Each structure stands twice: as structure tokens, then as C-alpha cells.
Amino acid sequence: MEKKVRKAIFAGSFDPITNGHLDIICRSSKIFDELQIGVLYNPNKKGMFNFEERVELIKKCTSHLNNTKVVSFDGLLVNYCEEHGIDTLVRGVRSGADVEYELQMAHMNKELNPNIETIILPTATKYSFISSSLIKEVLKFDADIKNLVPKVVLEELKRKANRGK
């Protein structure tokens with residue numbers, strides 16, 4: 001009998017991807033045979049990085065992981081999962097507020113597709129305060145964020161800042 005491949009997806013906007021995101025990605029890649037990193041495509045949302053830049057940065061940040069791939073989707077995540085044979089959603093949480101929100105989402109996703117499970121992983125304590133929104137906020141004040149984002153992301157952020165001057 002052939003062993004079933006355990007597939008999961010960790011989805012988000014990743015604008016930008018942070019060390020907290022990478023913590024969840026690396027740990028999840030050890031649990032599943034295949035981990036997709038799903039980048040939500042929303043043409044109406046203007047971010048710090050455009051969609052293509054975000055995908056490319058994630059690919060660079062995860063190139064050392066041989067069982068991950070970066071994918072894009074729009075619409076409902078559960079529909080993407082059903083179309084691609086994925087039965088597990090991975091969600092990262094930093095705080096109690098995140099847990100409350102993610103539980104609500106997990107229940108809704110379960111209602112929409114009873115075959116999909118949600119795994120909630122707490123991020124490492126040292127990354128528990130990091131969010132993409134907070135990164136963008138402190139960048140406005142030239143804060144040192146080298147311990148908060150991957151080196152390749154930091155380089156791109158600096159490049160964008162220099163271009164804007």
C-alpha cells in the first residue's frame with residue numbers, strides 16, 4: 001500500500017516575510033512531506049512589496065528547504081486546498097489575540113470543508129512581537145530590524161528606501 005503524502009499550506013500576504021514567518025515555515029516543513037507557502041493574490045491591495053516581489057523573496061528565504069514550494073491563490077483558501085489535495089492548514093500565532101482569531105478562522109474553514117484540519121503553531125518566543133505591519137511601521141523611523149527579517153528581505157527594504165530618497 002502506498003503511503004499518503006502529507007501536504008499542508010501556510011498562507012498569508014507576507015508583506016514582508018519575517019523571521020517569525022520563517023520560524024513557522026521551517027518547523028512545519030519538518031512535520032509535513034510537502035509544505036506549500038501560499039501567497040494571497042489581491043490586486044486591489046497595495047503593499048510594500050508587489051506580489052511578484054513577495055513570491056521571489058519567499059523563494060529565496062526558503063531555498064534551503066527541499067520540501068517547500070511557493071504558490072499563489074486568490075479566493076477561499078479551502079477551495080485552493082480542495083483543488084490541490086491539501087488537507088491541512090498551518091497557522092502561526094504570536095499572542096492570545098492571534099489564537100482567538102485563528103480559532104474563529106479554523107472553525108469557519110472546518111464548516112466550509114470538514115476534510116480540512118488546521119494546525120496552530122506558536123512562533124518562537126523571540127519572534128512573538130514581530131508582525132509585517134510593525135516592521136513597516138518602524139521602518140518609517142529608520143529602525144534597525146536586522147534581527148527581525150531575513151537578510152535578503154533587509155537588503156530589498158534598504159534598496160526600496162534608497163530608491164525613494
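Reader: Why is Arg159 called partly exposed?

Author: In this predicted model, Arg159 has a relative accessible area of 35%. Buried means under 20% and exposed means over 50%, so at 35% Arg159 is partly exposed.

Reader: What makes Glu53 and Arg159 a salt bridge?

Author: The closest N and O atoms of Glu53 and Arg159 are 4.0 Å apart. The cut-off is within 4 Å, and the pair counts as a salt bridge. Glu53 is in helix 2 and Arg159 in helix 6, 106 residues apart.

Reader: What makes Lys160 and Glu53 a salt bridge?

Author: Their closest N and O atoms are 3.3 Å apart; the cut-off is within 4 Å, so the pair counts as a salt bridge. This pair also links distant parts of the chain, with Lys160 in helix 6 and Glu53 in helix 2, 107 residues apart. Glu53, Arg159, Lys160 and Glu156 are linked in a network of salt bridges.

Reader: Why is Lys4 called exposed, and why is Asp87 called partly exposed?

Author: Lys4 has 58% relative accessibility, and exposed means over 50%, so Lys4 counts as exposed. Asp87, at 26%, falls between the limits of 20% and 50%, and therefore counts as partly exposed.

Reader: How do you know that the side chains of Lys4 and Asp87 meet in a salt bridge?

Author: The N to O distance is 2.7 Å. A salt bridge needs these atoms within 4 Å, so the pair qualifies. Lys4 lies in the segment before strand 1, and Asp87 in the loop between helix 3 and strand 4.

Definitions and conventions: Residues are numbered from 1 along each chain as its sequence is written. This is a predicted model: local features need pLDDT of at least 70, side-chain atom pairs count only at pLDDT 80 or more; totals for chains, interfaces and linings use all residues. Side-chain values use heavy atoms; hydrogens and water are left out. Helices (H or I, at least four residues) and strands (E, at least two) are DSSP runs, numbered from the N terminus. Buried means under 20% relative accessible area, exposed over 50%, partly exposed in between (1.4 Å probe, protein chains only).
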